[in-house]
Amino acid sequence: MTQLSPTPIRTVIVGVGNCASSLIQGVSYCRALGDKAIGVSFPDLGGYTPADVDLVAGFDVDSRKVGKTLGEAAFAPPNCTEQFHTDVAEHTGPVLRGPDLDGVASHMLANPADRSFRLSEAPALSKAEIVSQLQDLRAEVMIIFLPVGSQKAVEFYVDCALEAGVAVVNGIPVFIASHPVWADKFRAAGLPILGDDFKAQMGATILHRTLANLAEMRGVEIDRTYQLNVGGNTDFLNMSENARLSNKRESKTEAVQAAMEQRLHDNDIRIGPSDYVPWLNDRKVAYVRLEGRLFGGARTNIEVRLDVEDSPNAAAEALVAIRLARIARDRGLAGPIAEASAFLFKHPPEQIEDTDAHDVVLKFVQQGD
């Protein structure tokens, strides 16, 4: 088994759901297989590997996770992602009871227990208690995997991180790194923030952006497009309440609009979750269509169906973001780290074309050499 580096990246997870499960499995998988691990994004970043991520605690509200270790909580209901590495006993960090706030949509509690949340009766920790926990844990990075639409909950945990001196990786579409007020707060605190809303390793957004870039490169005029996503995990069940979707739609839509030479009218672009299909579990199926015109106005269209396991797709990029956050901390950087965010997130502080963004990440890492 790969040993932790002398300076492991002490990381806390907010929201121990499917993405967290894949992250927990992924760290152990990379430690066990080392260079033979499959599908690792950026195996070495500034001397840090995925094996250097040390998951020291989690925060959640579900009775089947609170009070357990991260290793035990990784496979607790309603988590339903693929179990690709089940030896996770090394993750002994506790899962602590956070506040509910807006992290639990009311309709979630009305669904079957194996598909939705069941609230823990343990008392929720206060802000002061969470700040104290983060300091006692010597946490360096907080990664946020809360349900989509958890505006108040994300802001609560970000405030805790700022007070405790912890860098933040915001994996969901609540705008923190890309919001000027929060950006200023991180600058004032001398802490880095990466975000917002992960692009998956090979997901619908990166595929859609690539097709849009290809059309632009080849001189094709795109007139209209859609991306419709269905899935069966708690994220899709949570997003079946349309009120929780405004930021998600904006994040995904802007990620594609930014890849186009000319922005489409709102009526000509539709992107976002479409339906909840329980039997898909953690599979996400995306239907992408682009309609446009070739030379002389000749019609063309592209239809693509993408079928992926959703949470490992995000965890791969989370392992990159955590390491980049640590590199930013090591250098004393503060505020949004635009160079480290554009390649990984749908709604970063600055949109950069993906090929260029890949090079920007490498240049950012190499600047410290």
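In what order do the 4 strands of the open sheet run, and is the pairing mixed or of one kind?

1. The order is β8-β7-β9-β10, and the pairing is mixed. Strands here are DSSP runs of E with at least two residues, helices are runs of H or I with at least four, and both are numbered from the N terminus. Two strands count as paired if DSSP finds at least two bridges between them. The edges are β8 (269–276) and β10 (299–309), each pairing on one side only. On average, neighbouring strands of this sheet are turned by 15° against each other, direction ignored.

2. Basis of the note: this is a predicted model, in which local features need pLDDT of at least 70 and side-chain atom pairs count only at pLDDT 80 or more, while totals for chains, interfaces and linings use all residues. Residues are numbered from 1 along each chain as its sequence is written, and side-chain values use heavy atoms, with hydrogens and water left out.

3. Strand β9 (residues 283–293) pairs with β10 in the antiparallel sense over 11 bridges. Val-285 has Asp-307 in β10 as its bridge partner.

4. Two helices lie across strands of the sheet. Helix α6 (residues 204–217) lies across β7 (221–231), β8, β9 and β10, and runs at about 170° to β7. Helix α9 (residues 310–330) lies across β9 and β10, at about 90° to β10. Axes are lines fitted to C-alpha atoms, for helices over the stretch in contact (heavy atoms within 4.5 Å), and angles run from 0 to 180 degrees between N-to-C directions.

5. The chain has 11 helices and 11 strands. Its radius of gyration, taken over C-alpha atoms, is 20 Å, close to the 21 Å from the globule rule (2.2 Å times the number of residues to the power 0.38) for 369 residues, so the chain is as compact as a globular protein of that length.

6. The largest nonpolar core has 44 residues, of which Leu-23, Ile-143, Val-169, Leu-194 and Leu-324 touch the most other members. A nonpolar core is a set of buried Ala, Val, Leu, Ile, Met, Phe, Trp, Tyr and Cys residues joined through side-chain atoms within 4.5 Å. Helix α9 gives the largest share of this core, 10 residues. Apart from this core lies another, of 34 residues, including Ile-130 and Val-158.

7. Leu-23 touches residues including Ile-13, Leu-55, Ile-143 and Leu-319, not counting those up to four places away in sequence.

Note on methods: Buried < 20%, exposed > 50% of the residue type's maximum accessible area, 1.4 Å probe, protein only.
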